[in-house]
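The following questions and answers concern the protein chain displayed here.

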Amino acid sequence: MKLARPPRRAAPETIIALVDVTFFLLVFFLLVARMDATAPFVVQPPRGQHGTDMPGGGATISVSASGALALDGQPVDRADLVARMAPLLRDRPDILVRVNADRAAPLRHVLPLVAEMKAAGFGDVVLAVTPAAP
């Protein structure tokens with residue numbers, strides 16, 4: 001009695017190699033792709049001026065690390081700041097406002113201050129910075 005052998009099947013194709021290639025392609029494209037949001041237009045960040053003296057005159061607003069304010073060396077409440085600066089703007093419409101903020105002052109104290117000065121009609125608002133040590 002002769003038993004028929006079942007026909008030989010071809011070896012199954014391994015899918016492991018395909019999974020490896022797919023994983024490597026995924027990692028490659030993640031590494032090559034840009035992960036930051038890009039603007040739909042060209043953005044040129046401003047350049048800070050260093051090595052030149054600050055323009056003289058005008059008013060200086062100081063911001064402490066805790067957010068306390070001073071106008072020309074005198075402590076002032078945030079609510080009274082614009083009211084105390086209004087006569088300066090009446091006398092000199094082109095007056096320069098310097099914002100001298102402590103390096104530890106959070107931006108939530110500084111940026112609204114700049115926006116308030118611009119909204120009050122002050123044309124030039126300058127942020128005083130210290131250049132990094134070489």
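Q: In the protein chain, what share of the contacts with a separation of 6 or more is due to residues 24 or more positions apart?
A: The model is a predicted one. The contacts considered are those in the protein chain with a separation of 6 or more. Within that set, residues 24 or more positions apart account for 65%.

Q: Which pattern do the helices and strands of the protein chain follow along the sequence?
A: The protein chain has 3 helices and 5 strands. Read along the sequence, these elements give the pattern α-β-β-β-α-β-α-β.

Q: Which element gives the most residues to the largest nonpolar core?
A: The largest nonpolar core has 18 residues, of which I61, L81 and M85 touch the most other members. Two or more residues come from each of β1 (59-63), β2 (69-71), α2 (78-91), β4 (96-101) and α3. The greatest contribution, 4 residues, is that of α3.

Q: Which residues does L81 touch, leaving aside those up to four places away in sequence?
A: L81 is one of the buried residues of α2, and it is among the core members that touch the most others. Not counting residues up to four places away in sequence, the residues touched by L81 are I61, L69, L71, V76, L113 and M117.

Q: Against which elements do the buried residues of α2 pack?
A: In α2, the residues L81, M85 and L89 are buried. An α-helix has 3.6 residues a turn, so residues three or four places apart point the same way. The buried residues of α2 pack against β1, β2, β3 (74-76), β4 and α3.

Q: At which residue of α2 does a kink lie?
A: The kink in α2 amounts to about 25°. Its position is shortly before the proline P87, at M85.

Q: Is L96 buried or exposed?
A: L96 belongs to strand β4. The relative accessible area of L96 is 12%. A residue under 20% counts as buried, so L96 is buried.

Q: How many Å apart in space are L96 and T60, C-alpha to C-alpha?
A: In sequence, L96 and T60 are 36 residues apart. In space, their C-alpha to C-alpha distance is 8.6 Å.

Q: Which side chains meet in a salt bridge?
A: Side chains of opposite charge can pair when their charged atoms come close. The count here comes to 1 salt bridge, with an N to O distance of 3.4 Å between the side chains of R78 and E116.

Q: How many residues apart in sequence are the parts that R78 and E116 tie together?
A: R78 counts as partly exposed at 27% relative accessibility, and E116 is partly exposed with a relative accessible area of 28%. R78 lies in helix α2 and E116 in helix α3, so the pair ties together parts whose separation in sequence is 38 residues.

Q: Which residues does H109 touch, not counting those up to four places away in sequence?
A: H109 lies in helix α3 (residues 107-120). It is buried, with a relative accessible area of 17%. Not counting residues up to four places away in sequence, H109 touches V63, S66, G67 and R78.

Q: Is F29 buried or exposed?
A: F29 has its place in helix α1 (residues 16-32), and it is among the residues of a nonpolar patch on the surface with about 950 Å² of accessible area together. Its relative accessible area is 53%. Exposed means over 50%, so F29 is exposed.

Terms used: Residues are numbered from 1 along each chain as its sequence is written. This is a predicted model: local features need pLDDT of at least 70, side-chain atom pairs count only at pLDDT 80 or more; totals for chains, interfaces and linings use all residues. Side-chain values use heavy atoms; hydrogens and water are left out. Patches are made of residues with over 30% relative accessible area and no salt bridge: like charges are joined within 9 Å, nonpolar side chains (Val, Leu, Ile, Met, Phe, Trp, Tyr) within 5 Å. Accessible areas come from the Shrake-Rupley method with a 1.4 Å probe; for residues, only the protein chains shown count as cover. A salt bridge is a side-chain nitrogen of Lys or Arg within 4 Å of a carboxyl oxygen of Asp or Glu. Buried means under 20% relative accessible area, exposed over 50%, partly exposed in between (1.4 Å probe, protein chains only). Contact means heavy atoms within 4.5 Å. A nonpolar core is a set of buried Ala, Val, Leu, Ile, Met, Phe, Trp, Tyr and Cys residues joined through side-chain atoms within 4.5 Å. The bend at a residue is the angle between axes fitted to the seven residues ending there and the seven starting there.
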